[in-house]
Amino acid sequence: MPGRIEDYALIGDLQTAALVGQDGSIDWLCLPRFDSAASFAALLGDHDNGRWRLAPRDAERCDHRGYRGDTLVLDTFWETPTGTVKVTDFMPQRDRSPDLIRIVEGLTGTVEMRGELALRFDYGTVVPWMRRTDGHRVAIAGPDSVWLRSVPPLSMHGRSMRTYADFTVSAGEKIAFVLTWHPSHEKRPAQLDPYQALQHSLEDWDAWAAGFAYEGPWRSAVLRSLITLKALTYAPSGGIVAAATTSLPEEIGGVRNWDYRYCWLRDAALTLNALLAGGFKTEAHAWRDWLLRAVAGDPADLQIMYGIAGERRLPEYEVPWLKGYEGSRPVRVGNAAAGQLQLDVYGEVLDSLYLARERGLKDEPHAWDMQRALMDFLESAWQQPDEGLWEVRGGRRHFVHSKVMAWVAADRAVRTLEQSPKLKGDATRWRAMRDKVHAEVCEKGYDAERNTFTQSYGSAELDAATLLIPQVGFLPPSDPRVLGTVEAVRRELDHGGFVRRYSPTAGSDGLPGSEGAFLACSFWLADALHTTGRRDEAVELFEKLLALRNDVGLLAEEWDPVAGRQLGNFPQAFSHVGLVNSALTLSGSGGGLPAT
């Protein structure tokens, strides 16, 4: 069985990422990109679906581990009766081919080690042909080829479709293993020096982290979250994936298992705010440029998500040979929600570009023309029902959050023209749309008897997304309807002291089963408590959320307060964006959010 979700740490090279368990096993790695087929898929099945374990013989879990400083280089320490050993795992930023490097270093005594490599291409189903060449192991199957070597060379042997390395390491000794992927039809890539690669990786991450501009409380938690966002960035395009994994369940044994290795527009404004407030303008610029490329085209064809290079087609299918994480089936690849209508994304795009302009990112010449086209479409489309922010599969409705974000789109368009009157656009018409949307939401999306905004028109259900109403400037924090909504969400969507995004047990999302507390929504509640004058309660909730991070500072999408464990894809960008923005809000460093 794989470990708990929180047992894993993340390493990566800004084009893909691997998950390393506390038992020394790499159970998830897609090559060569985040969205490629997994070569190690034990996370969603068992050891036969591919993994690479490197640990002392007979040891089960490490004694402790951590990232080296403000980097993505992972050090894992093992204490045995005969000595102590450290394993350093990292993926150097690549020129061409991805490399996964594991360095074993003896610290005290002598330790017997075992390495076990089971390569399984195409999500754990293709066993490659393994051969020896020049003292190295080479695995080939179809389009994939992997080279494994050690420095200094060690004897390795094959058994039961696995490659083993049994060796000892004494104090002061180091042995490095380098695994390199490349297309099987191409020549073998150049060999890198693993120790030089380690030094360069440390220097690269240290240089990047030196640009961190936030000096408030919770600094280390904020920086680790920003490092995680950086690690989830596909460097060639600037796109940021929602998570490094697919199909980690929102309910153990349930069917709410989705592929999150894509880029969601809903994350855009909040991510931009987090990056810019943290001082990482280059990454924010790259994310903004990815956004502009991805949404270019007919405004009616705007999607809620895209591939990491802006791909539009993300067909969803099931992988039946994988039994799923702890039996949570099905395992899915692709995401059918890409074809849903979610009107909130128009507001999120215009809000993102408005924020980028406000925070000093230089405008692209075509950007405003594209925003005008989006507004032209939204003027005729905002009154339609849609699938909403949470991508429900139970039919379209008039979701309050979608309408609020339509208001945001009109508001940001009007503000842009007020600040730059030379730009083309009909501010009068957009103001009229803004006023009409506002009036309709307040009339149809508000339950006066309960003093709360609801999930959709005519519904009694609540939605944690309504906590964003004061944050986006739809109503001021002091408005009684905002105060009532915050209190209602806190009371009715409470799950063990945290917040569900809505009540899935009502069956309104078209799926069976339930889910955990949604961490991003819990951060939104902390923000809402702060903005409505309840700072002490906000800080208390925020610090409870910080305590949910695993031993290396990572968060999944959800938390199960009954079982006391993380749920959902991991690590989750939306959760870490929520952490960063809440820390900035609570410390008075948030900036960039429009006033009403």
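This is a predicted model: local features need pLDDT of at least 70, side-chain atom pairs count only at pLDDT 80 or more; totals for chains, interfaces and linings use all residues.
Asp70, Glu203, Asp204 and Asp206 together make up a negative surface patch. One of these residues, aspartate 206, sits in helix α2, which covers residues 194-209. With a relative accessible area of 43%, aspartate 206 counts as partly exposed.

## Charged pairs

Side chains of opposite charge can pair when their charged atoms come close. The structure contains 46 salt bridges.

| Pair | Closest N to O separation |
|---|---|
| glutamate 186 and arginine 96 | 2.9 Å |
| arginine 332 and glutamate 316 | 3.4 Å |

Look at the pair of glutamate 186 and arginine 96, joined by a salt bridge. The two residues come from distant parts of the chain, 90 residues apart: glutamate 186 is in the loop between β15 (174-183) and α2, while arginine 96 is in the loop between β8 (83-90) and β9 (99-118). Glutamate 186 is partly exposed, at 29% relative accessibility. Arginine 96 is exposed, at 62%.

Arginine 266 belongs to the loop between β18 (263-264) and α4 (268-277), and glutamate 391 to the loop between α7 (367-381) and α8 (400-419), so their pairing ties together parts 125 residues apart in sequence. Are these two residues buried or exposed? Arginine 266 is buried, with a relative accessible area of 7%, and glutamate 391 is buried too, at 13%.

Arginine 332 is buried, with a relative accessible area of 9%, whereas glutamate 316 is partly exposed at 28%.

Salt bridges can also share partners. Which residues are joined into one network in this way? They are Asp351, Asp411, Arg412, Arg415 and Arg434. One member, aspartate 351, is found in helix α6 (residues 344-358). Aspartate 351 has a relative accessible area of 13%, so it counts as buried. Setting aside residues up to four places away in sequence, aspartate 351 touches Ala269, Val408 and Arg412.

Now turn to valine 577, a residue of helix α13 (residues 573-586). Its relative accessible area is 1%, so valine 577 is buried. Which residues does valine 577 contact, leaving aside neighbours within four places in sequence? They are Leu229, Leu270 and Thr271. The C-alpha atoms of valine 577 and leucine 272 are separated by 9.3 Å, although the two residues are 305 residues apart along the chain.

Phenylalanine 570 lies in the loop between β28 (565-567) and α13. At 0% relative accessibility, phenylalanine 570 is buried. Not counting residues up to four places away in sequence, phenylalanine 570 touches a list of residues including Ile5, Tyr8, Leu19, Ala243, Leu248, Asn550 and Leu555. Between the C-alpha atoms of phenylalanine 570 and leucine 232 there are 10 Å, with 338 residues separating the two along the chain.

Most residues other than glycine have a negative phi, and most peptide bonds are trans. The places below depart from that pattern.

A cis peptide bond joins phenylalanine 570 to proline 571, with omega about -20°. Proline 571 is in the loop between β28 and α13. Another cis peptide bond connects leucine 31 and proline 32, where omega is about 10°. Proline 32 is placed in the loop between β3 (25-30) and β4 (38-40).

Where is methionine 161 found? Its place is the loop between β13 (157-159) and β14 (162-170). Methionine 161 is not a glycine, yet it has a positive phi of about 65°. At 60% relative accessibility, methionine 161 counts as exposed.

Glutamate 326 also has a positive phi, about 50°, without being a glycine. Glutamate 326 lies in the loop between β20 and β21. With a relative accessible area of 27%, glutamate 326 is partly exposed.

How values were computed
Residues are numbered from 1 along each chain as its sequence is written. Side-chain values use heavy atoms; hydrogens and water are left out. Patches are made of residues with over 30% relative accessible area and no salt bridge: like charges are joined within 9 Å, nonpolar side chains (Val, Leu, Ile, Met, Phe, Trp, Tyr) within 5 Å. Accessible areas come from the Shrake-Rupley method with a 1.4 Å probe; for residues, only the protein chains shown count as cover. A salt bridge is a side-chain nitrogen of Lys or Arg within 4 Å of a carboxyl oxygen of Asp or Glu. Lys and Arg count as positive and Asp and Glu as negative; His and the chain ends are not counted. The place of a charge is taken as NZ of Lys, CZ of Arg, CG of Asp or CD of Glu. Helices (H or I, at least four residues) and strands (E, at least two) are DSSP runs, numbered from the N terminus. Buried means under 20% relative accessible area, exposed over 50%, partly exposed in between (1.4 Å probe, protein chains only). Contact means heavy atoms within 4.5 Å.
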